[in-house]
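Please look over the sequence and the model below before reading on.

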Amino acid sequence: MHMKSVRIFTRTIQTWVPTYPIHLPILHQILQNCAKEKLPKKGMACHGCIIQYALADDTLTSNILINMYSKCGFLDYARKVFDETPERSLVSWNTMIGAYTQNGNEREALDLFVHMQRDGTEFSEFTLSGVLCACAAEFAVFECRQLHAFAVKTSMLGNMFVGTALLDVYAKCSLLEDAIRVFEYMPERSVVTWSTMVAGYVKNELYEEALLIFRKIQVTGVEFTQFIISSVLAACAAIGSKIEGIQAHAVLFKTGFTLNFFVCSSLVDMYSKCGSINEAYLVFSFAEDKDVVLLNAMISGFSRHGRSMEAMMLFEKMQQIGLQPNEVTYVSVLSACGHMGLVKEGKKYFDMMVKEHNISPNVFHYSCMVDVLGRTGLIDEAKSMIDKMPFVATASIWGSLLSSCRVHGNVELAEIAAKHLFEIEPDNAGNHILLSNIYAANRQWDDVIQARKLLKETEVKKERGQSWIQIKDKVHAFMVGDGNHDRIGEIYSRLEDLLEEMRKLGYRCETQHDLHNVEDNQKEELLRHHSERLALVFGLMCLPSSVPIRIMKNLRICGDCHVFMKLASKITGREIVVRDTNRFHHFRNGFCSCAEFW
Ligand code: ZN
Ligand code: ZN
């Protein structure tokens, strides 16, 4: 034993010298208890006792000691005991490998495994799954493939722990096809296997597939865990699938789980991203305990829905109940200020973040501030914020400045912002078009022609606009000028009727909003058939009048569609919710929740 540690042991032992004969099994029990309760001092005293009474050299005792030290976070001591164990059985190696993995020293775990093989010790399923856990954390694909081959060679692949661990590594390393292959091959699967698979899909942004597994689990009768449900809720949030989100919520209810912070935050996030901010708030207010993550989810929900007042009130309340806002909280409140153009408040929070909560602003905080300033017309101030910040400005920061320049007609700074954008994202046609629109609004026709020419030359491709609407359990997708839907004839004729009524209210197409580089009459044609309009009309046809119409869109809603939706909400008396890449728009009775800041 190391001199220093012996000294510690003997010092500690003074407080606990047994006066009766020592039985090793009793010491084992105490050590296991120390591991469970994380009592390193008592554990060391016990170890001291073992040394003093020379009970030290059996393998079982060593293993128990390694486990105790590792659970208490004393890895060096654990390794020392391991190195000094005269006869290492398999369990010693497994325990030590597990100790490294649990304490975040995955590299050491992998090294020890190599050492073990050189030593000629045979390994078991537990060794293999332990080392695989280390691979998952280290993203060690090469080692993982070797271990996979080992597993095949030693016929351990059918083992549930090995299979699940292997699946986890592949999913974490974004090798999803390999993960699926392992999953399909497994003769039996545990709850952990299923939950690893769902989490793997979500991590790799394959949300539909994650929901498919969710349905499979429901059919096969596998037990649900909160972890599975959280992953499912994350998938629903990402693709705005409220119906499945509600199903997952119902499963939680049925299984009678007490909702922890984690699940509550997932629920709040799901409802808010599916456009149901009121339901999100309901879940939030029923949560008995509230932590920072849950509050952040709610604040960011309010902000996304343009309910800045509520976002700011919750921010105040958070501090009243003694919780400290973190970086994420500040991104949410600052973007709440941006959405509503609250410049005074934005500046106040930016200051407060640095001075009161000692958080140094990151690129997202700066991005929010550029937004807050730009939207309110303080474009010069926004530009000097970009110049001052200690990061290289991202495309979204320059994009936000360019949009502000469009709204406030600042050609000079628009050109600067556009120049940066052309460099950062040369393939994004939107930037060229936005700039040419700014010239057009300013009647600089020569520059318009120049910008259009540049656009043609770069042959930039624009992501095609697409919108989704969920009717019952089916998601319907629409593209601009779409002719594919099986009820498209009816959709177009209803759309014409709606446009006719709008024209009576004085609506006319503003072709300058359109991003297609085509002739004017054709432009109007395409603009009239932007995908969100088709989705809306289809929603009007299929959904009962009491239900809000929720639409998702893969691009930012254009100005003309924004006017269109406002009028549609007025004419039809329906509530319309559009989630675009930037935020939610709640249209009700001719008004939008964003108050024209978007
Ligand atoms: Zn549009
Ligand atoms: Zn809006």
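**A buried valine, the cores and a pocket**

V283 counts as buried because its relative accessibility is 11%, and buried means under 20%. The model described here is predicted.

**Surroundings of V283**
- V283 belongs to helix α17, which covers residues 277–286.
- Apart from neighbours within four places in sequence, V283 is in contact with H249, C264, L267, V268 and Y271.
- C264 lies 19 residues from V283 along the chain, and the C-alpha atoms of the two are 7.1 Å apart.

**Nonpolar cores**
- The largest nonpolar core holds 144 residues, among which M96, Y349 and L401 touch the most other members.
- When residues up to four places away in sequence are not counted, Y349 touches M312, F315, E316, Y330, V333, L334 and C337.

**Second largest pocket**
- The second largest pocket contains about 540 Å³ of space.
- Its lining is made up of 28 residues, and those closest to the pocket centre are G240, K242, I469, Q470 and R550.
- Two or more lining residues come from each of α14 (226–239), α15 (242–255), β1 (466–471), β3 (549–553) and β4 (576–579).
- Strand β1 provides the largest share of this lining, with four residues.
- By type, the lining of the second largest pocket comprises 18 nonpolar, four polar and six charged residues.

Key. Residues numbered from 1 in each chain as written. Chains lettered and ligands numbered in written order. Predicted model: local features only at pLDDT ≥ 70, side-chain atom pairs only at ≥ 80, totals over all residues. Heavy atoms only, no water. 1 Å grid on protein atoms, 1.4 Å probe; cavity = no way out; pocket = protein on both sides within 12 Å on 5 of 7 lines; lining within 4 Å. Points joined across faces, edges and corners; volume = space filled by probe spheres on them. Nonpolar A, V, L, I, M, F, W, Y, C, P; charged D, E, K, R; others polar. Core = buried A, V, L, I, M, F, W, Y, C linked by side-chain atoms within 4.5 Å. Buried < 20%, exposed > 50% of the residue type's maximum accessible area, 1.4 Å probe, protein only. Contact = heavy atoms within 4.5 Å.
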